[in-house]
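Have the model open as you read.

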Amino acid sequence: MKVFEANITPIVSNFLNESLREIESIKIANKTIHKSFGIINFFETSEDLEILKNTISESLTILEEPNRAEYGDFQTNEELANKVTLHLGSETIMPKVVIEPTCGKGNFIIASLKNFKSISAIFGVEIYKPYVWETKFNIINFHLENPENNKPEISISHCNVFDYDFKKIANQFSLEEILVIGNPPWVTNSMLGSLNSTNLPKKNNFKKHSGLDAMTGKGNFDIAEFITMSLIETFQNNKGNIMLLVKNSVVKNIVFDQHKRNFKIGTIQKHCIDCKKEFNVSVEASLLYCKLNSIPEFNCKEFNFYANENYIQNFGWLETKFVSNIDTYNNTKEIDGVSPFVWRQGLKHDCSNIMELDKVNGHYINGLKEEIKLESDLIYGILKSSDLKNVVINQTRKYTIVTQKKVGQDTKYIKSEFPKTYSYLIEHLSNFDARKSSIYNNKPLFSIFGIGDYSFKPYKVAISGLYKTFHFTLVLPQNEKPVMLDDTCYLLGFDKIEFALYSLILLNSKTAMQFLKSITFSDAKRTFTKDVLMRINLLELAENIAIDELKLELERLNQLYNLNTTLNLWENYLSEMKPVNSGQFEMFA
């Protein structure tokens, strides 16, 4: 049965019906509940008291449980909550104060009551009113079934977590052992914004991103990350511990930001859980643990939550380098530096139905299935992440219209020089106007990004940013025109095929692969980014590769792909990468 849209068990309903039937005063009702179960201000209004009394005295209609998964609301089941608190107890963690910042139905609170006999106070915060009631009902149910159990003071607040004053608790219990435990929402600020949710922090760039980063995605952050960071900042000077269930990306970001934030946290751990088993969702998430009021630490040991074993790997900061596996990184750290060539992201247009074309029987067909006739001058082959499967590619399955040779270039020339193309683009101007990204604001018609001299280099070495394959591809011209890559790919551009081939061999070497595996995270949205790729010091790799090994691989590629290259330009290649010629780097990248 339900009250206030919250589940209530018969034992709780019967108890409340018997205890509150004759009570009219909210003050007396709250005093009665507090005396029996320690819950402070059980009723917020007299109306709540009357509604509850009337509802539980009648037969109830069963209401369908609302689906709040779209809000990142994945309630921790009782079994998992119990295992988490038992795990903490096995580590001799016995808190006096328990804080649940987004308590939901209260399973972590119930588990804490069950497994921590030392608790004197509990604070729960929840924005969804039915869950507030359900938490209160569950606490009563627990105490009715366990009458001998300790009854701490309990405050369950109906409140937005971003408005709650946690600093008051930190100051009030500055000498007590605290535990911050819970499962913050698994959702980003942009997702909640699109759902018109009020459960958002005040608008601020808490990651301190600037310019284009703040405009194009890095300004989007995980709500759980904001909550976790805020709680660490608030309680870092208190004695105690934090254990929060968050996405793996949040754990990584917390450890990454620790280098500049220097929070007083130590023994940072990541305990991986099976989200398919626990929540029936395909999300990578873990329990983030850290000890408060500690000498700041900058590494995180990763464990399997279900197995009592040694850590799987240790990631975090090694001096000034952030790595995914400190143990394996040490074997290849010599090549961690700065790439002598600049890695670039591919072309971005956000208008695929109009800009990307198939070629069928000599005719171009767009994403709207329209057959169109265009001048060939602005049409180039394009590769996406899914196309980068082979070692060498010289044919594309898709084409794209390239309207600019550099970002911001005026596009008026298209009207006079390529009238068919211009007519086609104007006909679909509404598609361009519908692009949501603010980077296109006040830019020339049909603007694109990720375009520059490097885009028109005939030879490219590329890798997918989306796929978790540690494999680089050599991209050759198609019909004597350079091939483009889309913005899910990263590339180096070269004028000489030899330079491109040398780079390909180095990047696909065992040393480079082992290095990349030690600095990338398999659960990242993009395994490879420009920041990651720019750390590969190709010069260091080149100076340490055996010439015989290089020659053997070059001959193999020549034979397999009908190439005709030699090592005659190897010394020139090395010279181009050396600092004395740093001014020439941009010529080839």
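A polar contact here is a pair of N or O atoms within 3.5 Å; within protein, one must be able to donate a hydrogen and the other to accept it, and residues adjacent in sequence count only if both atoms are side-chain atoms. This is a predicted model, where local features need pLDDT of at least 70, side-chain atom pairs count only at pLDDT 80 or more, and totals for chains, interfaces and linings use all residues. Residues are numbered from 1 along each chain as its sequence is written, and side-chain values use heavy atoms, with hydrogens and water left out.

Q: Which backbone oxygen does the side chain of Thr473 reach?
A: Thr473 sits in strand S22, residues 473-475 (strands are DSSP runs of E, at least two residues, and helices runs of H or I, at least four, numbered from the N terminus). Its side chain also has a polar contact of 3.2 Å with that of His471. The backbone oxygen, reached at 2.7 Å, belongs to Asn390.

Q: Is Thr473 buried or exposed?
A: Buried means under 20% relative accessible area, exposed over 50%, and partly exposed in between (1.4 Å probe, protein chains only). Thr473 has a relative accessible area of 0%, so the word is buried.

Q: In S22, what is the bridge partner of Val461?
A: Strand S21 (residues 459-464) pairs with S22 in the antiparallel sense over three bridges; pairing takes at least two DSSP bridges between two strands. Both belong to an open five-stranded sheet with mixed pairing, ordered S14-S24-S21-S22-S19. Val461's partner in S22 is Leu474.
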